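Hi everyone, thanks for coming. I'd like to walk you through one structure today, so please have a look at it while I talk.

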Amino acid sequence: MSKYTIGVDFGTASGRAAIVDVKTGKELADSTFEYPHGVMDDTLPDGTKLGFDWALQYPQDYLDVFYNTIPAVMKESGVSPDDVIGLGVDFTACTILPVKKDGTPLCMMEKYKSEPNAYVKLWKHHAAQDKANLINEKANEMGEEWIKRYGGKVSSEWELPKAWQILDEAPEIYDEADYIVEAADWVIWQLCGVLGKNTCCAGYKGLWHNKEGYPSKDFLKALDPRLENFVEDKLNYPIVQLCDRVGGLTADMAEKLGLNEGMTVTTAIIDAHAAVPAVKITKPNILLAIMGTSTCHILVSEEEHLVPGISGVVAGGVYPNLYAYEAGQACVGDHFSWFIKNCVPASYVEEAEKQGINIHKYLRSKAEKYKPGESGLIALDWWNGNRSILVDGDLTGMMLGMTLQTKPEEMYRALIEATAYGTRKIVETYQNNGVKVDEIIASGGISQKDPMTMQIYADILNKPIKIAGTTQCGALGSAIYASVAAGVENGGYADIFTAAGAMGKLKDTVYTPIKENAEMYDKLYEEYNILHDYFGTGVNDVMKRLKNIKKSI
């Protein structure tokens, strides 16, 4: 009798579930649910105005993902609940919320519905950049060793800056909260009634180390005396390892989802990291680029190196007994969507509709006719700040070389090229600091739907790029982790390596560099590097000065 696991992938705008055959990795059914409240970056549901660089969400939307998608995949697949052995979850991170001991989010309490700091702070909430700056300054001043594991900088997207923002701007919310939790761990808590902090979020976003723990009380006190007991007061729940069984599905959840009470619920994991087993990575030194609204670059290695500007290196962060490195770009798909929404003439939209294709495909059909360098344009990929290797949310986008003859498709292509240059910067930083990159695999919607972009990436990186064999890497990966948590005795696997080898998927498609394109892109990349260092390393802080002027008005 076949056995199955369910993976639920929580993204920026929606959540999706897939039910997967444990033996083959075949996805029998999947379902997507759009968050009713979406990303709140302008106002709260009651109309309360939000500040600059805010990005919030409403936690009920996450539960509604479970209630809508899991019954849908169970119905479509026809699988019996008796044959579903486990459920896993992955989540965008760092995404945190303040809650009560019973799990109630403070934003769902009537008295706090108008307080922005009571809501979920999404990963791309950058309004805590001032706190990140102070953390970096103090950590380097005090000679804190832990910051070296994060490339020398803490991001405004991470747990401590966001929690400090709550304390500083809304101390009543901070005091009322019994815990500050990752949304990834909160949804697992709602499923099985057990709260734990997964090692992936803890290590990459929470500054936790498997041997040293969190930053010291002395350091936290030096930041702000009120933070001295932050770990004891707000993170006072256990660390849980990847592939562990956190608990069994509660009776209430089992009834709502159409599954069996007590079914295995495994540890949550960051969405990008869940994709690693989904693409059959079972050995070190293979870089996975998960390309969506943003891009995350994950690589596992047998060696630990301190790499400047990355998002962290965590022992066991993806696979046991291997170091997992993370870097990323904060704006990729969002970058292209911004251009479509704000910069494309109505005539282009009308022509795309006439041809029966979406505007992205229409623009690509025009942009792919250009040779590298033909547009005379070059751009910086910082429309949502820089995550790696500069780790600075206050940087902004830029395009150089526009003239009265510049066309929208040229600008669109320049933005695509900019994201590829940013990826190359990350790959070279890994390699220059002792971390081998032997192969590159791409996953995410862009890799599946956009051959032009993937060829540009292959040319700029000057490396072949393989493509994931599923459009649901997060959900498949979460289902793979669940198969290990369920155990061999229940029809699952003894370890993640065996599970990934059996259930992971790769396409036969490989994008190979075109020699003459790669040579031209080498020249253009030199120009990108000059701009990167000039605007990104403090030589000219005009981007930050302009941003400060904007804030002051």
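I'll go through a sheet, then a pair of helices, and then some salt bridges.

Before the details, please keep in mind that this is a predicted model.

Seven strands make up an open sheet, and their order is 16-17-15-14-20-21-22, with mixed pairing. Which strands stand at the edges? Those are strand 16, residues 312-315, and strand 22, residues 506-511; each has a single partner strand, so one side of each has no neighbour in the sheet. From one strand to the next, the twist averages 25°.

Now look at strand 14, residues 286-291, and strand 15, residues 295-301: they run antiparallel and are joined by five bridges. If you want a landmark there, Ala-289 stands opposite His-297 in strand 15.

Helix 10, residues 271-278, touches strands 14, 15, 17 and 20, and its direction makes about 125° with that of strand 14. Helix 16, residues 451-461, touches strands 14, 20, 21 and 22, and its direction makes about 145° with that of strand 21.

On to the helix pair. Helix 14, residues 408-432, and helix 19, residues 515-536, have axes that come within 10 Å and cross at roughly 80°. The contact includes Arg-413, Tyr-421 and Glu-428 from helix 14, and Tyr-521, Tyr-528 and Asp-533 from helix 19. What kinds of residues make up this contact? There are six nonpolar, three polar and seven charged.

Finally, the salt bridges. A search of the whole structure finds 32 of them, and I've picked a few.

Asp-42 pairs with Lys-49, with the closest N and O atoms 2.5 Å apart. Asp-42 is partly exposed at 38% relative accessibility, while Lys-49 is exposed at 58%.

Glu-176 pairs with Lys-100 at 3.4 Å between the closest N and O atoms. Glu-176 lies in helix 4 and Lys-100 in the loop between strands 6 and 7, so this pair ties together parts that are 76 residues apart in sequence.

Glu-439 is partly exposed at 24%, and Lys-466 is partly exposed at 31%.

One last stop: Asp-130, Lys-131, Asp-168, Asp-224 and Arg-226 are linked in a network of salt bridges.

Key:
Residues are numbered from 1 along each chain as its sequence is written. This is a predicted model: local features need pLDDT of at least 70, side-chain atom pairs count only at pLDDT 80 or more; totals for chains, interfaces and linings use all residues. Side-chain values use heavy atoms; hydrogens and water are left out. Axes are lines fitted to C-alpha atoms, for helices over the stretch in contact, and angles run from 0 to 180 degrees between N-to-C directions. Helices (H or I, at least four residues) and strands (E, at least two) are DSSP runs, numbered from the N terminus. Contact means heavy atoms within 4.5 Å. Ala, Val, Leu, Ile, Met, Phe, Trp, Tyr, Cys and Pro count as nonpolar, Asp, Glu, Lys and Arg as charged, and the others, Gly among them, as polar. Two strands pair if DSSP finds at least two bridges between them. A salt bridge is a side-chain nitrogen of Lys or Arg within 4 Å of a carboxyl oxygen of Asp or Glu. Buried means under 20% relative accessible area, exposed over 50%, partly exposed in between (1.4 Å probe, protein chains only).
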